[in-house]
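Keep the model open while you read.

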Amino acid sequence: MESISVFEIIKVGIGPSSSHTMGPWNAASAFIRIIKRERSIAEVKEVFLEFFGSLAKTGIGHGTDIAGMLGLNGEDFKTINTSKIDEKIEKIKKDQIINLGGEKEIPFVYGYHLVLNMQKSLDFHPNGMIFKAIFEDGTELVQDFYSVGGGFIASQEKNSIEKHCVRTLYPCHHGSDIVKYCEKLGFKRFSDLILINEESWRSQEETRQEALNIWKNIKECIYKGVNKEGILPGGLNVTRRAAGINRKLLGDKIYKNIDEWFKLVVDAEENFTNINKWIACFALAVNEENASFGRIITAPTNGASGVIPAVLMYSQAFTEFISEDDIVRFLLVAGEIGTLFKKNATISAAMGGCQAEIGVSSAMAAAGLTEILGGSIGQVLMAAEIAMEHHLGLTCDPIKGLVQIPCIERNTMGAMKAITAANIALESDPAKAKVTLDEVIQTMWETALSMSDRFKETSEGGLAIAVNVPEC
């Protein structure tokens with residue numbers, strides 16, 4: 001089984017969906033690389049893109065079509081000016097031209113060259129898409145891709161497109177592996193093992209800097225979210241709430257930058273109600289940014305991107321564990337827990353419902369928090385198990401296919417459950433636990449397989465059909 005770096009699970013992303021936005025964007029970029037490898041961009045006459053299954057059914061709300069076009073246009077979601085996205089898409093549609101790979105302008109008619117096929121699903125995975133390039137000599141290049149969650153893509157031939165297979169020094173594919181190697185090496189902290197394994201990708205200092213860069217991006221995303229008012233795009237007319245909560249909690253206090261704001265948060269009155277509201281505010285801020293094509297931290301997905309930031313920000317604002325080492329250890333442990341779910345179950349709502357997104361992120365956050373609060377290795381794993389146990393069966397039924405209702409509020413709930421799970425685990429003896437993390441991951445996967453497709457990000461069941469929203 002291939003090892004996965006924690007920074008493939010927790011990484012810089014763009015909203016609104018890792019599987020429905022980042023995945024198709026990555027697939028389009030990969031297709032450009034395949035064209036260059038097999039022929040050349042200069043030889044391409046036309047390019048076609050067809051989305052199937054969940055990608056088609058909720059594609060408009062998730063910006064799947066936008067991601068596909070921008071990826072083909074040679075844009076990178078890690079560097080694109082997000083405020084220019086609408087302008088770029090409008091130009092492609094108006095001019096009916098796409099600049100393939102940023103190198104050659106070719107005809108591109110939306111609805112003809114790009115199609116959302118809501119009547120068909122591909123067998124390999126619900127998030128399927130097919131790219132086709134037609135060359136000047138009439139020959140074709142066809143490639144299928146599948147967005148398998150968290151921005152990861154696959155094809156039927158390769159489960160991980162263009163990835164170099166890495167095997168760490170101490171492969172951890174199950175929770176039991178972590179316990180085994182920590183005992184063997186005499187480690188008392190979960191993160192010590194993960195720090196060594198990450199050397200398969202980069203040095204320990206580079207790992208530390210990447211984690212701190214993730215933290216920097218988290219703070220910036222929350223800060224943007226708590227300072228932005230208005231209505232979220234998509235037609236549901238959902239009002240942003242993070243800014244109002246932030247303003248009410250800070251009263252008449254004034255700040256000019258992110259550091260001044262953060263200090264005011266740290267110095268704010270610390271009663272249970274206020275801290276509870278701050279946690280909700282942090283999560284809402286991130287997911288309101290996500291819903292607006294903002295740059296966020298995918299952890300492990302975009303729909304669940306507010307949970308880990310909210311819990312990590314809580315730890316830095318309202319506990320005594322506020323060092324850079326604590327931040328690094330939190331993210332290493334959280335990311336490693338995410339790899340266990342990806343390898344043994346799924347982090348795709350189209351495969352497993354929302355338990356695969358909010359549930360996994362809550363388990364990750366609970367483990368990370370338990371680690372820095374001084375929990376044992378057994379307590380860290382127990383916290384992750386508790387958090388997931390109480391998300392089992394959670395469906396994905398977004399209204400109008402948008403990552404807004406119930407998705408944004410679910411991040412606040414996932415954060416609260418993570419903190420509660422950590423507190424319970426810290427007061428418990430893991431040796432007396434009746435359910436292990438490995439068992440709950442297996443149960444989650446079995447639940448996912450039994451769940452109706454109507455509740456797997458298709459907007460064909462649950463709240464998505466119970467709430468009648470007229471098309472705008």
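A word on residue classes before anything else: Ala, Val, Leu, Ile, Met, Phe, Trp, Tyr, Cys and Pro count as nonpolar, Asp, Glu, Lys and Arg as charged, and the others, Gly among them, as polar. Also bear in mind that this is a predicted model.

## The largest pocket

With those classes in hand, the lining of the largest pocket splits into 17 nonpolar, 11 polar and 11 charged residues. The pocket itself has a volume of about 880 Å³. Its lining takes in 39 residues, and the ones closest to the pocket's centre are Ile60, Gly61, Pro233, Gly234 and Leu402.

Which elements give two or more residues to that lining? They are α3 (53-57), α4 (59-62), α5 (64-72) and α6 (85-95). Of these, α6 gives the most to the pocket lining, with 4 residues.

## The cavities

How many cavities of 30 Å³ or more does the structure hold? There are 2 of them. The largest cavity has about 150 Å³ of space in it, and of its 20 lining residues, Gly303, Glu357, Cys396, Val403 and Cys407 are the closest to the centre. Helix α18 (residues 407-426) gives the most to this lining, namely 3 residues. By class, the largest cavity's lining comes out as 11 nonpolar, 5 polar and 4 charged.

The second largest cavity has a volume of about 80 Å³. It is lined by 13 residues, with Ser3, Ile4, Thr168, Asn197 and Glu336 the closest to its centre. Here the elements giving two or more residues are α8 (190-197) and α14 (324-344), and α14 gives the most, with 3. That lining has 6 nonpolar, 4 polar and 3 charged residues.

## Nonpolar cores

Now for the greasy parts. The largest nonpolar core has 113 residues, and those with the most contacts inside it are Ile10, Trp261, Trp278, Ile337 and Phe341. Apart from that core lies another one, of 39 residues, including Trp25, Ala28, Leu72 and Phe131.

Which residues is it in contact with, leaving aside its neighbours within four places in sequence? The list runs to Ile222, Tyr223, Val226, Asn246, Leu250, Tyr255, Trp278, Phe282 and Met313. Trp278, in that list, is also among the residues with the most contacts inside the largest core.

## The annotated domain

The UniProt record, an unreviewed entry, places "domain: Serine dehydratase-like alpha subunit" at residues 191-464. Over residues 191-464, the chain in this model is 61% helix and 1% strand.

## Two cis prolines

The peptide bond from Ala299 to Pro300 is cis, with omega near -5°. Pro300 sits in the loop between β9 (295-298) and α13 (307-318).

Another cis peptide bond joins Ile405 and Pro406, where omega is about 5°. Pro406 is in the loop between α17 (377-389) and α18.

## Positive phi without glycine

That loop between α17 and α18 also holds Lys400. Lys400 isn't a glycine, yet its phi is positive, near 60°. Why does Lys400 count as partly exposed? Because its relative accessibility is 24%, and partly exposed covers values between the 20% limit for buried and the 50% limit for exposed.

Glu457 has a positive phi too, about 60°, although it is not a glycine. You'll find Glu457 in the loop between α19 (437-450) and α20 (463-466). Is Glu457 buried or exposed? Its relative accessibility is 3%, so Glu457 counts as buried, the cut-off being under 20%.

## A buried asparagine

Not counting residues up to four places away in sequence, Asn217 touches Val12 and Ile297.

Methods
Residues numbered from 1 in each chain as written. Predicted model: local features only at pLDDT ≥ 70, side-chain atom pairs only at ≥ 80, totals over all residues. Heavy atoms only, no water. 1 Å grid on protein atoms, 1.4 Å probe; cavity = no way out; pocket = protein on both sides within 12 Å on 5 of 7 lines; lining within 4 Å. Points joined across faces, edges and corners; volume = space filled by probe spheres on them. UniProt positions renumbered as here; feature names shortened; annotations may be inferred. Core = buried A, V, L, I, M, F, W, Y, C linked by side-chain atoms within 4.5 Å. Buried < 20%, exposed > 50% of the residue type's maximum accessible area, 1.4 Å probe, protein only. Contact = heavy atoms within 4.5 Å.
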